[in-house]
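Please look at the sequence and the structure first.

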Amino acid sequence: MSEIQVGQINSTDGSTAITTGADGYVSFAKTQIGGRRNLIINGAMQVAQRGTSATGFTSTGFRTCDRFRTSLFSLGTWNEEQSTDAPDEFASSFKVTCTSPTGTLAAGDFGYIRYMFEGNELQGLAYGTSSAKAMTLSFWVKSNKTGSASVQLLQNDNSSKNISPSYTISSADTWEYKTISIPADTAGSIDNDNGPAVSLIWWLHSGTTFTGGSNQTTWATYDATDSNASNLGVGATANDYFQITGVQLEVGSVATPFEHRSFGEELQLCKRYFHRWGGDNTMGGHPMFNGGGNWATTVYHFPVEMRGGPSASITNNGMFYYENGGTRSSSPSSPSISENTKQYIRFDMNSLAASATQGYAGGLYFGSTDYVDLDAEL
Amino acid sequence: MEQINITSAQYIANVITGENSVIKATIDGITMSVPLDPANRHYAEIMRQVEAGELTIQEADTPE
């Protein structure tokens, strides 16, 4: 039996066709090989259930593209958007722009973009065993800033054990493709649960608490100064911006082409962590009326089971429509939520009009600005 | 590095059972109904602040 040992096979025009990694993983440069390689949900930034833009914020929060959070502490004022500016292969990107930088940067000030994994998503990595697998992170990035930048993975289950490699943005205002190797970790196991397990962070800017150390290329004990050792400094001046899309984290030592999933599939995956009920000029619920008081209730079952019981926030109140002696009437409700589970919420309408207290069935109507946000993010 | 600003918290009782079922809290300026679920990040932070003596959860009002 004969065999060949080769790291790369080129096509007839000299371009790379096949790359092989030392661990046996193979990447085909222009072929969409088997699915479910990408551990990231919404890596193409297709889904933005909360909205496509947010302006003038100064603190941490989920605002536009699902699963991706901007984390800020005393780093000025920012805008965020699901931008239509993206590399040819993509329709959207996640963009943050500093509109008003902080004055003097204090040591503990920071800004970064964060994605968080559940532990049960990462069991295939076999961390903490001799079979632990390496990973490769790939993404497209664009910024007005050039130079070295830091990306970081933190193991929440292992005292923030981390890796913080650097990458370089070579040209301003230009989309660039980056790949970063993440070595296996045979020493730190990841809990098989629905809790926060590994954070993936793109650093924007920070004070000295998070700089001054070294970019770690192997899993290392957490030292805050290693986090953003190569500080790109996005947000040091007004109109600094940073965009990413095509984010892929996969098992193996070579980056394969981005795994495109359908919008519907990504949307369903995102709804495990967040979704919005209402806001669509429809009857969102069909409560039975309680004749014993000015109160009615309905149960809303989620389209997918959420990661855990969600925090629920109500924007505007909706209306309670009911039939009373053949006449359709409505009453504004004063809603509250009295049960949150990972499968449903119970939505109570209180202080309804006296004419509604007749034991008739009714429905809950959501106008375009009436909705309930259900948040089970990590 | 996480900052969650919680300015008020009160238990809400299930109108049918009368048992505490959620916490109504103001978190980063937004009123939220937070489940009593340790996997929920807001609940975890509420309990952390309670244990640190930084926050008190008010008792539930009598159900309507």
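## Pocket, cavity and interface

The largest pocket has a volume of about 1,100 Å³. This is a predicted model, in which local features need pLDDT of at least 70 and side-chain atom pairs count only at pLDDT 80 or more, while totals for chains, interfaces and linings use all residues. Residues are numbered from 1 along each chain as its sequence is written, chains are lettered from A and ligands numbered from 1 in the order in which they are written, and side-chain values use heavy atoms, with hydrogens and water left out.

A pocket is an open set of points on a 1 Å grid over the protein atoms alone, with protein on both sides within 12 Å along at least five of seven lines; a cavity is a set of points where a 1.4 Å probe fits but cannot get out; lining residues have an atom within 4 Å of a point. Grid points are joined across faces, edges and corners, and a volume is the space filled by probe spheres set on the points.

The lining of the largest pocket has 44 residues, and Phe62(A), Arg69(A), Ile4(B), Arg41(B) and His42(B) lie nearest its centre. Helix 1 of chain B gives the most to this lining, with 4 residues. Helices (H or I, at least four residues) and strands (E, at least two) are DSSP runs, numbered from the N terminus.

The structure also holds 1 cavity of 30 Å³ or more. About 40 Å³ of space lies in the largest cavity, and the residues that line it include Phe117(A), Met135(A) and Trp219(A).

Chain A and chain B are in contact (heavy atoms within 4.5 Å), with 32 residues from chain A and 22 residues from chain B taking part. Between them they bury about 2,000 Å², 47% of it on carbon and sulfur atoms; buried area is the accessible area (1.4 Å probe) that two parts lose on being put together, summed over both.

A salt bridge is a side-chain nitrogen of Lys or Arg within 4 Å of a carboxyl oxygen of Asp or Glu. The count is 18 salt bridges over all chains, and 1 salt bridge between chain A and chain B. Two salt bridges are listed here.

| Asp375(A) | Arg41(B) | 2.8 Å |
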